[in-house]
Amino acid sequence: MSFIASKVTTVLIIINVALFLMETGSGGSTSTAVALRYGALYGPYVRKGEYYRLFTSMFLHFGIYHLLFNMYALSVLGPAVDYVCGPLIYIVIYLAAGVAGNALTLLMEKRSGKNSISAGASGCIFGLLGACLVLAVAGYGFSLRSILTTLAVNLAYGLSSKHINMLSHAGGFAGGAAVMAVVLLIL
């Protein structure tokens, strides 16, 4: 199944690309000032009541490569989750994972006293990967080996760069896995 066959994936990609183009037209997608204006995650702002940043930051990206990498990953994982779970559960997993990743980031930043500006769909995408892991373990035809390999490669890459929010990845992964496990228990 391609992302074209998944309406949810297509809409998510369109939203991400449209916001990227808006960021670019407003001063640049790598500008932290532009990112903050469009709703990037920043702990001090969230603690002052700007809770919408837990959501809006999921759709913003820093630079074309950040956008392209995340949209490629979304185009691979999204349709698979959509096909198995349906569009409603897919979007719930995607959004819940993004919020979980952002919430873990904020929690750990508050504990450390260090704040950073964060944006991107990575927490959501890792949530889809977490959902795929649960589906693989539950026998829904996903390759456990492929999922674990993807996780290992992303962990190695993420730890090699100080610009990658690994907390968002971890929180998103856990959030997506948890939502998928609850869904399987209910259904």
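## Basis of the description

Helices (H or I, at least four residues) and strands (E, at least two) are DSSP runs, numbered from the N terminus. The model described here is predicted.

## The largest pocket

The largest pocket holds about 890 Å³ of space. It is lined by 32 residues, and those closest to its centre are His66, Ala119, His163, Ile164 and Asn165.

Several elements contribute to this lining: α5 (64-85), α6 (87-112), β2 (117-118), α7, α8 and α9 (166-186) each supply at least two residues. By class, the lining of the largest pocket comprises 18 polar, 11 nonpolar and three charged residues.

## The second largest pocket

A volume of about 310 Å³ is found for the second largest pocket. Its lining consists of 17 residues, of which Ala73, Leu77, Leu129, Thr150 and Asn154 are the closest to the centre.

Helices α5, α7 and α8 each provide at least two residues of this lining. The largest share, six residues, belongs to α5. The lining of the second largest pocket has 11 nonpolar and six polar residues, and no charged residues.

## Packing of α7 and α8

Two packed helices are described by the angle between their axes and the distance between the axes. For helix α7 (residues 122-137) and helix α8 (residues 144-159), the axes come within 9 Å and cross at roughly 150°. Angles over 145 degrees count as roughly antiparallel, and α7 is therefore roughly antiparallel to α8. The crossing in which α7 passes α8 is left-handed.

On the α7 side, the contact is made by Phe126, Leu129, Cys132, Leu133, Ala136 and Val137. The α8 side contributes Leu144, Ile147, Leu148, Thr150, Leu151 and Asn154. By class, the contact of α7 with α8 has 10 nonpolar residues, two polar residues and no charged residues. Leu129, Thr150 and Asn154 belong to this contact, and these three residues are also among those closest to the centre of the second largest pocket.

## Packing of α6 and α7

Helix α7 also packs with α6, at an angle of about 125° and with the axes 7 Å apart. The arrangement of α6 to α7 is oblique because of this angle. The crossing of α6 past α7 is right-handed.

Tyr90, Ile93, Tyr94, Ala97 and Gly98 form the α6 side of the contact, while Gly123, Cys124, Gly127, Leu128 and Ala131 form the α7 side. This contact of α6 with α7 divides into seven nonpolar, three polar and no charged residues.

Notes. Residues are numbered from 1 along each chain as its sequence is written. This is a predicted model: local features need pLDDT of at least 70, side-chain atom pairs count only at pLDDT 80 or more; totals for chains, interfaces and linings use all residues. Side-chain values use heavy atoms; hydrogens and water are left out. Axes are lines fitted to C-alpha atoms, for helices over the stretch in contact, and angles run from 0 to 180 degrees between N-to-C directions. Angles under 35 degrees count as roughly parallel, over 145 as roughly antiparallel, 65 to 115 as roughly perpendicular and the rest as oblique. A crossing is left-handed if the near helix is turned anticlockwise from the far one by less than a right angle, and right-handed if clockwise. Contact means heavy atoms within 4.5 Å. Ala, Val, Leu, Ile, Met, Phe, Trp, Tyr, Cys and Pro count as nonpolar, Asp, Glu, Lys and Arg as charged, and the others, Gly among them, as polar. On a 1 Å grid over the protein atoms alone, a cavity is a set of points where a 1.4 Å probe fits but cannot get out, and a pocket is an open set with protein on both sides within 12 Å along at least five of seven lines; lining residues have an atom within 4 Å of a point. Grid points are joined across faces, edges and corners, and a volume is the space filled by probe spheres set on the points.
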